[in-house]
Every structure is written in C-alpha cells, then in structure tokens.
Amino acid sequence: MRASPLLTICGLALSLGVGSAILPARSAEEPLGIALEGFPYPNPVFYLPLTRDGEAQRLAYMDVPASGSPNGRTALLLHGRNFPSSYWQSVIEALTAAGYRVVAPDQLGFGKSSKPVGPFGFDTLAADTVALLDSLGLPRVDVVAHSMGGMLAVRLARTAPERINSLVLEAPIGLEDYRFTVPPVPTERLLRIEGDVTADVYRQQLMTSYSLSLPDTAIAPFVSLRERVKGSGEYPRWLRSFVNSYQMIWGQPVVHEIPLVRAPTLFVMGGQDRNAPGRAFAPEALRARMGDNAAHAQALAARMPDGRTEVFSGIGHLVHMEAPSRFNATVLEFLNGH
C-alpha cells in the first residue's frame with residue numbers, strides 16, 4: 001500500500017507532550033514539522049498506514065528500484081537513532097547499481113514517520129517492519145542496519161528469521177547490556193536534559209561520542225534538522241518520542257540474543273567507535289569499560305553459527321559515511337556471497 005511520493009528528510013523521532021519549561025528558543029532557520037515536511041529525501045517517499053497506541057499512524061519509506069541489471073533481491077536498510085534515512089544515499093546508490101532493490105523505512109517515531117505517544121519496543125518496531133515487507137510483497141530480504149537499527153535487526157532476525165537472507169550490522173549499539181553499568185534514568189530528567197541541548201552541544205556530542213573522522217561540516221545538516229524541528233508546535237511530542245527511544249535502548253537489550261541469530265551476519269565496525277548510550281549516567285569508575293565495540297563484535301561473531309567481523313581502523317561510528325567506497329564494496333561482497 002503506497003501513498004503518493006513525497007520528498008522530505010528524516011531525523012531522530014519523538015512523542016507526546018512535555019512541560020512548557022522544555023520549550024526551546026526558536027532556531028534562526030525556517031522551522032520544520034516533526035515529520036520533517038519540506039525537507040527533501042534523495043528518493044520519493046511513500047507511506048504505509050499503521051495503528052499504534054490506538055492512533056492512526058504512517059510509516060514512511062523509500063522504495064528504490066535497481067538501476068543496474070536487477071538481481072531479484074531486495075536490501076532493507078534500517079537507520080540509527082540520530083540520523084535520517086536519507087543518510088543512506090550513497091549506500092542506496094551502490095546497492096541499486098549492483099542490481100538490488102532497496103527499501104529504506106523510517107521507523108514509527110523517527111524521521112518522516114508519525115510520532116507515537118507511547119513507549120518504544122523493539123518487538124513492535126520489528127512487527128511494523130514485517131508489515132511493511134508484507135505490504136510490498138517481499139518474503140525475504142537482505143538487511144543492512146546501522147547503530148540502533150542493528151538492535152532492531154537482531155530482534156527482527158529472532159522474531160521473523162524466515163524473512164532474513166543475510167545481515168550486515170554496521171557499528172551496531174547494544175553489543176553490551178547497558179543496564180549493568182548505567183542506572184535507570186527517569187524520563188522526566190531525560191526530557192529536561194535533551195530539551196536543553198543546543199546546536200553546538202549536539203554537534204559536539206556527535207563528533208566526540210561517535211569518534212568521527214569526518215569534518216563537523218559533514219554532520220551540520222543533521223544538527224540543523226534537530227534545531228529546525230524545535231520551531232514546530234509539536235516539538236514536545238518529538239522530544240518525548242526521542243527520549244522514549246533511549247529508554248528502549250537501555251531497557252531492551254539484544255546482546256544476549258545475538259549468538260542465536262542464524263542468518264549469515266557481518267559486523268562492520270569502526271576501529272575508533274566507542275559509542276555507549278548512557279555512558280554519562282554511569283559511575284565514573286565504570287565508564288572506561290563501556291563501548292569496546294569492535295572487540296564485542298568479534299567476540300559475539302565467534303559465538304554465532306555464521307558470523308564474522310570487519311574492523312575499519314581509524315573510523316568511527318558512521319562507517320558508511322566515513323569510508324563509503326570501502327563500506328559499499330565490503331557490503332556488496334558479503335551480500336553477493338549469500
């Protein structure tokens with residue numbers, strides 16, 4: 001089921017009302033709606049009607065046909081928490097040129113999709129993804145997933161293993177159980193913290209938390225998106241949704257399930273990536289132990305029926321943007337081998 005194409009871009013996703021104390025100063029740039037209306041994606045955007053929390057919702061997605069000779073296969077791209085699915089542009093171009101059809105959704109709560117009011121759950125996101133595949137008549141896909149999308153991909157591979165042909169996990173988070181080092185943080189406290197984040201603070205968070213080898217100009221569009229959304233009258237809903245996604249990451253670990261994934265799996269890790277959600281809330285003595293992501297991936301891959309790891313030295317959390325040619329070549333070699 002498709003609605004008419006629309007051009008726009010995605011972002012970080014969020015939910016219901018917040019207190020007026022969190023309302024931000026307006027950005028100097030033109031505001032955006034919380035579904036990023038008016039911000040162009042690299043490909044047409046379609047919508048699948050869904051229901052969440054008793055409300056009518058829309059799941060946004062790009063569905064891009066092969067530009068090269070079609071090979072009859074479809075790659076499903078699952079985004080991370082802090083970036084729009086438009087950031088897959090170079091990957092989409094490489095995959096479609098190699099004959100793959102590419103489907104790149106914004107999960108509900110993110111980007112151009114609707115912002116549900118309730119808590120997030122990986123099982124629910126996985127069910128939404130299966131509903132999208134069903135609507136497109138796709139019984140089996142290859143999955144490429146980044147960051148938080150890697151956690152979703154693991155849950156999808158566990159709940160619907162028959163739908164997954166192969167799995168690429170790019171710099172996934174969730175390779176450790178954050179509950180063991182990070183205490184629970186009340187949602188209202190998170191709302192205050194995130195509501196106070198300025199453009200400069202957010203830019204610095206991305207550059208340092210993700211150990212990026214990119215210049216900060218490369219992430220300026222994502223910083224701008226977050227700032228422009230603050231001008232929306234529905235910004236409090238967006239903010240709560242974003243915070244709810246953190247609670248999902250913290251409270252719904254998938255690391256214990258990764259060795260049970262049967263699909264052939266490739267971890268593509270940045271050697272510099274030590275991203276660990278919630279590190280700032282952990283006791284100082286435990287923080288240094290968090291985020292040894294490349295080592296975690298190697299250890300987990302060794303425990304899987306068919307897992308392996310590629311580590312890109314000198315690269316941070318955004319592997320497909322920091323080393324696009326190498327990333328695309330590595331992914332295509334893996335997918336074509338399965």
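I began with the second largest pocket, which has a volume of about 170 Å³. I took a pocket as an open set of points on a 1 Å grid over the protein atoms alone, where a 1.4 Å probe fits, with protein on both sides within 12 Å along at least five of seven lines. Lining residues have an atom within 4 Å of a point. I sorted the lining of the second largest pocket by class: 4 nonpolar, 4 polar and 7 charged residues.

This is a predicted model, where local features need pLDDT of at least 70 and side-chain atom pairs pLDDT 80 or more, while totals for chains, interfaces and linings use all residues. Residues are numbered from 1 along each chain, and side-chain values use heavy atoms, without hydrogens or water.

Next I looked up the largest pocket, with about 650 Å³ of space. Its lining has 26 residues, and Glu194, Gln205, Ser209, Pro277 and Gly278 are the closest to its centre. The largest share of the lining of the largest pocket, 5 residues, is from α5. The classes here are 14 nonpolar, 7 polar and 5 charged.

Last, I checked Thr96, which sits in helix α1 (residues 89-97). Is Thr96 buried or exposed? Thr96 is buried, at a relative accessible area of 6% (buried means under 20%, exposed over 50%, with a 1.4 Å probe and protein chains only). I also noted that a polar atom of the Thr96 side chain lies 3.3 Å from the backbone oxygen of Glu93.

Methods:
Helices (H or I, at least four residues) and strands (E, at least two) are DSSP runs, numbered from the N terminus. A polar contact is a pair of N or O atoms within 3.5 Å; within protein, one must be able to donate a hydrogen and the other to accept it, and residues adjacent in sequence count only if both atoms are side-chain atoms. Grid points are joined across faces, edges and corners, and a volume is the space filled by probe spheres set on the points. Ala, Val, Leu, Ile, Met, Phe, Trp, Tyr, Cys and Pro count as nonpolar, Asp, Glu, Lys and Arg as charged, and the others, Gly among them, as polar.
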